[in-house]
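Visitor: Can you walk me through this one? Keep it quick.

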Amino acid sequence: MKRRFAVFAALAVLCACAELLAGRGMSPTVVRDVLGGGGDATERHILLQLRLPRMLVALAAGACLGVAGLVLQSALRNPLAGPEVTGVTPGAVLGAVTATALGLAGWQSPLAVVVAACVGGCTGAALLWLLAGRGRGDPAQIALHGVLVSAVLGGLTAMVLLVAPGELGSVVQWLVGTTEGRVWQHWHLLWPWALVWGAVAWLLAGPLTLLRCGDDIAGAAGLSAARARTLALLCAVALTAGAVAAVGALGFVGLLVPHLALAVFGADLRMTLPGAALVGAAVVCGSDAAAQLLSRLLAVALDSGRLTLPVGALTTCVGAALLLAVVRRSPSRTF
């Protein structure tokens, strides 16, 4: 187990280094010089004020989504449960886009955007809780109502776009998910939130393990399944809201990372939850580095001065392909 953690920790570090080297305008030699204390003012600003916080935000957001997905799948006993089924992701997108359309927030004010996204995400989760009613302890009911809430919030986001078509760029950035333009303020807002709720998730490892075995076994062990599931969902909502508020909706990260973490680190959630954080961080950071490299290649191939591929577009495409491959290889499995 120590070797597995060491391998994925090294992979996360490798992805972080690739993230620093993948951007435009600076060669690896210049990056090394700046990290060593050299370079001119422009090079130091690009690396230390733009690339470094972007890399850290990608790592933290990936860790949040990985842990949130594992908590949701364990609490709901549903291998296809992801942050999207809680209403948090579309709620956070709606909050950020609405605040931007009303002029209350903008990309020049990261704190206002993050606060608006967090409020929207918590509102989406609260709406789910109200609709679930007495069925809050039923995993199937929660998942069903989560899909409905997400559809409603997505429709409201489309309505905001119709009212304020000038916010199309903002809508696309939040719906697809991107780490571009992230600065130190985003990092300072995200890491304490991720640390606190990540610790809460780890403390819930025992109850979550019992919930994975079924409510009857959990009850026989003296655990209140409904109460434990409520706390677990609150933790997943908080982690998802923090990640989406920082980088937008990154498709399939919270859905597929838990499966990889369980396959690598086993069913003991005391080990698998930190493992999911490592895997999620490596996946998002590595995907962002790959997206930047692809952007540069596409810009050359299409003879375009500047072309940016959002990391969320890459995670969605690759995640959908992986999910389809898994389903086709296991056609008799019930999800």
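Guide: Here is a short tour, starting with the ground rules. This is a predicted model, where local features need pLDDT of at least 70, side-chain atom pairs count only at pLDDT 80 or more, and totals for chains, interfaces and linings use all residues. Residues are numbered from 1 along each chain as its sequence is written, and side-chain values use heavy atoms, with hydrogens and water left out.

Visitor: Where does UniProt place the "transmembrane region" feature?

Guide: The unreviewed entry puts it at residues 55-73, 85-105, 111-131, 143-164, 190-211, 231-256 and 307-327. Such annotations may be inferred rather than shown by experiment; names are shortened and positions follow the numbering used here.

Visitor: How far apart are the end C-alpha atoms of 190-211?

Guide: They are 29 Å apart, and the span is 95% helix and 0% strand. Helices (H or I, at least four residues) and strands (E, at least two) are DSSP runs, numbered from the N terminus.

Visitor: And for 231-256?

Guide: There the ends lie 22 Å apart, with 81% helix and 0% strand.

Visitor: New topic. Where is Phe-252?

Guide: In the loop between α11 (225-247) and α12. Phe-252 is not a glycine, yet its phi is positive, about 70 degrees.

Visitor: Is Phe-252 buried, exposed or in between?

Guide: Partly exposed, at 23% relative accessible area. Buried means under 20%, exposed over 50%, partly exposed in between (1.4 Å probe, protein chains only).
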